Amino acid sequence: MRFTGTDQYVATDDLMLAVNAAITLKRPLLVKGEPGTGKTMLAEQVATALGMPLMQWHIKSTTKAQQGLYEYDAVSRLRDSQLADPESSARVTDIRNYIVKGVLWQAFSAEQPVALLIDEIDKADIEFPNDLLRELDRMEFHVYETRETVRARHRPLVFITSNNEKELPDAFLRRCFFHYIRFPDAETMRSIVAVHFPDLKKELLSAALKSFYDVRGLPGLKKKPSTSELLDWLKLLVAEDVPLDLLRSTDDKVSIPPLVGALLKNEQDVTLFEKLVFMQKHNR
């Protein structure tokens, strides 16, 4: 299996190399990068390209590692034990009826190799990665309620994404192949935009990209606009038929682009940007 990119996802050479290295080493691929740089989409596109089903586990702040393995529904078993009907009584005798399989169990027991996405692992508690060390390393876990060991029939291709909200434990990092997705340069961004807007006029794209990178380059921004926000902005520019002149500056100074709310997402950044433009206008 080798990943060589897809028509729907522009993968740089170093990113494709990282994916194939993780496949060769049979280790999880830990992908970091700014939000909106395509970390989640990478797993989806690799799975599509390699013809593998994709299973996704989106992590929240309340997610526990045990949920990825299985959960024992003791409440339902207690409720069934209190019912008088024969069907409930028969169900209670087999504890397996109250074991809910998690995403990892489903991936381990799949009849064919699957791709497994553990998305935004840094949202969970700091102990979450440590709790998954053994399972991801050995590809097995023990079910205490049924006293059985679940072993992976096929080793899944594991993708783990992180937005760097928390530092991950060293022991966990040792078991992964790491890749940082750098923010695309202008040329790579042109290729990305071409996938989504193949008929976009070159003049509009050039002017929009200049405005976009001007905004991103503003020092002190709390949240820099991402690739996904650029695509949203371009969609609005086309839908509203924004004149090209509104995107171009008569000089080389930064100007407030139309529909800037698609790029800047909080009032501090908008205020900062407006101050910069104001200062430029009065320093001519």
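This is a predicted model: local features need pLDDT of at least 70, side-chain atom pairs count only at pLDDT 80 or more; totals for chains, interfaces and linings use all residues.
Residues are numbered from 1 along each chain as its sequence is written, and side-chain values use heavy atoms, with hydrogens and water left out.

**Stop 1: H9 and H10**

Select residues 186-196 for H9 and 202-216 for H10. Helices here are DSSP runs (H or I, at least four residues), strands are E runs of at least two, and both are numbered from the N terminus. The two axes come within 11 Å and cross at roughly 125 degrees; axes are lines fitted to C-alpha atoms, for helices over the stretch in contact, and angles run from 0 to 180 degrees between N-to-C directions. That angle makes H9 oblique to H10 (under 35 degrees is roughly parallel, over 145 roughly antiparallel, 65 to 115 roughly perpendicular, the rest oblique).

Now show side chains: Ala 186, Met 189, Arg 190 and Val 193 of H9 meet Leu 205, Ser 206, Leu 209, Phe 212 and Tyr 213 of H10 (contact means heavy atoms within 4.5 Å). These residues divide into seven nonpolar, one polar and one charged. Ala, Val, Leu, Ile, Met, Phe, Trp, Tyr, Cys and Pro count as nonpolar, Asp, Glu, Lys and Arg as charged, and the others, Gly among them, as polar.

**Stop 2**

Select residues 227-239 for helix H11. H9 and H11 pack at about 50 degrees with their axes 11 Å apart, which makes H9 oblique to H11. Look for Met 189, Ile 192, Val 193 and His 196 in H9 against Thr 227, Leu 230, Leu 231 and Leu 234 in H11. This contact has six nonpolar residues, two polar and no charged.

**Stop 3: H10 against H11**

Keep H11 and bring back H10: the angle is about 135 degrees, the axes are 11 Å apart, and the crossing is right-handed. Leu 204, Ala 208, Leu 209, Ser 211 and Phe 212 in H10 meet Leu 230, Trp 233, Leu 234, Leu 237 and Val 238 in H11. Nine of these residues are nonpolar, one is polar and none is charged.

**Stop 4: the largest pocket**

Finally, display the largest pocket, with a volume of about 580 Å³. On a 1 Å grid over the protein atoms alone, a pocket is an open set of points where a 1.4 Å probe fits, with protein on both sides within 12 Å along at least five of seven lines; lining residues have an atom within 4 Å of a point. Volume is the space filled by probe spheres set on the points, which are joined across faces, edges and corners. Of the 32 lining residues, select Tyr 9, Gly 36, Thr 37, Gly 38 and Lys 39, the closest to the pocket's centre. H9 gives the most to the lining, with four residues.

How values were computed
A crossing is left-handed if the near helix is turned anticlockwise from the far one by less than a right angle, and right-handed if clockwise.
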